[in-house]
Amino acid sequence: MKVFSSTAAFREARHGMACTLGFVPTMGYLHEGHLVLVRRAKAENGAVAVSIFVNPAQFGPKEDFARYPRDPERDLALLEKEKTDLVFMPDAGEMYPHGFVTWVDVAKVTERLEGSTRPGHFRGVATVVAKLFNIVEPNRAYFGEKDAQQVVVIKRMVADLNMSLEVVVVPTHREPDGLAMSSRNVYLNIEERQAALVLWKSLGLARQLWSGRERSAEILKQQMAALIRKEPLARIDYISVADPETLEELSEARHGALVSLAVYVGKTRLIDNITLLP
Ligand code: AMP
């Protein structure tokens, strides 16, 4: 496994590779959810590259950039075990040198959900992912379904800017009790960890109502909200039943609809989602 912090050195190694390259962009503090992406990339390509970069541009001024968990040594040990070929770990100065002024702004699909609570978040995400794609030059890039809106935004950017790679979406990896794995779960104390299950439970309720032929998006959202309100440590940010491509809210739930939510558990903001299937 070769580890690079410089763009030029990474590029040189990448250009020496003849096989297909799968790429997994991350912010580090790796967990099994990230490793599932790495394994999938490894299985589908001749080599795999992982980036670790806590991207300051995607955090709002009141968000957790400074205290976002970091453990690069552990991350590298985990990636080594997965037989990762290349790791790119730039610092902020490498990615945003003095004079940097160019941003990628994906419109419309960034306006709702995460975008409305976290203004500027997706501008930071799209910009850093575009830069990483230009540096890594992957054949395929792997993203988790857990960040469903991020997937929509990246796919839109790749299509709109004629980027020459395939975006592969990987299902959400969960703890045995259903909690979606996330680097931010480390913020939760024991009571909050238990309370955090309410996200998965509320998605389960939506799925159950949907299977029982409930088609009103309003009722699905109300029932989810009622369940979450019973949990004293939880505070709803949003609950949404939306078109999976435009992310516009639906009045009628339909096959393929994206049910997503963001909930504060204590001070930690967690997100999760499911797709409604037949
Ligand atoms: P992050 O380090 O949080 O930016 O995540 C890096 C990538 O891993 C993103 O594509 C995430 O969607 C994905 N990811 C994070 N958690 C999970 C999970 N529990 N299951 C699947 N993919 C995940």
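**Close-up views of a predicted model**

Leucine 113 is buried, at a relative accessible area of 7% (buried means under 20% relative accessible area, exposed over 50% and partly exposed in between, with a 1.4 Å probe and protein chains only). Before we go on: this is a predicted model, where local features need pLDDT of at least 70 and side-chain atom pairs count only at pLDDT 80 or more, while totals for chains, interfaces and linings use all residues. Residues are numbered from 1 along each chain as its sequence is written, and side-chain values use heavy atoms, with hydrogens and water left out.

**View 1. Two residues with positive phi.** Leucine 113 sits in the loop between H4 and helix H5 (114-117); helices (H or I, at least four residues) and strands (E, at least two) are DSSP runs, numbered from the N terminus. Its phi is positive, about 50 degrees, although leucine 113 is not a glycine. Most residues other than glycine have a negative phi. Asparagine 162 also has a positive phi, near 50 degrees, and you'll find asparagine 162 in the loop between H7 and strand E6 (166-170). Leucine 113 is buried, whereas asparagine 162 is exposed, at 67% relative accessibility.

**View 2. Serine 51 in strand E3.** Serine 51 lies in strand E3, and it is buried, with a relative accessible area of 0%. Leaving aside neighbours within four places in sequence, serine 51 is in contact with Phe23, Val24, Pro25, Thr26, Phe88 and Leu132 (contact means heavy atoms within 4.5 Å).

**View 3. Glutamine 149 in helix H7.** Here's another buried residue: glutamine 149 has 5% relative accessibility and belongs to helix H7. A polar atom of its side chain lies 3.0 Å from the backbone oxygen of arginine 112. Not counting residues up to four places away in sequence, glutamine 149 touches several residues, including Val109, Leu113, Phe122 and Leu247.

**View 4. Valine 125 in helix H6.** Valine 125 is part of helix H6 and is buried, with a relative accessible area of 2%. Not counting residues up to four places away in sequence, valine 125 touches Asn55, Gln58, Gln150 and Ile154. Tryptophan 103 is 22 residues apart from valine 125 along the chain, and their C-alpha atoms are separated by 9.9 Å.

**View 5. The lining of the second largest pocket.** On a 1 Å grid over the protein atoms alone, a pocket is an open set of points where a 1.4 Å probe fits, with protein on both sides within 12 Å along at least five of seven lines; lining residues have an atom within 4 Å of a point. Of the 15 lining residues, Val151, Val152, Lys155, Pro244 and Glu245 are the closest to the centre of this pocket. H7 gives the most to the lining, with five residues.

Notes: Polar contact = N/O pair within 3.5 Å; in protein donor to acceptor, adjacent residues only side chain to side chain.
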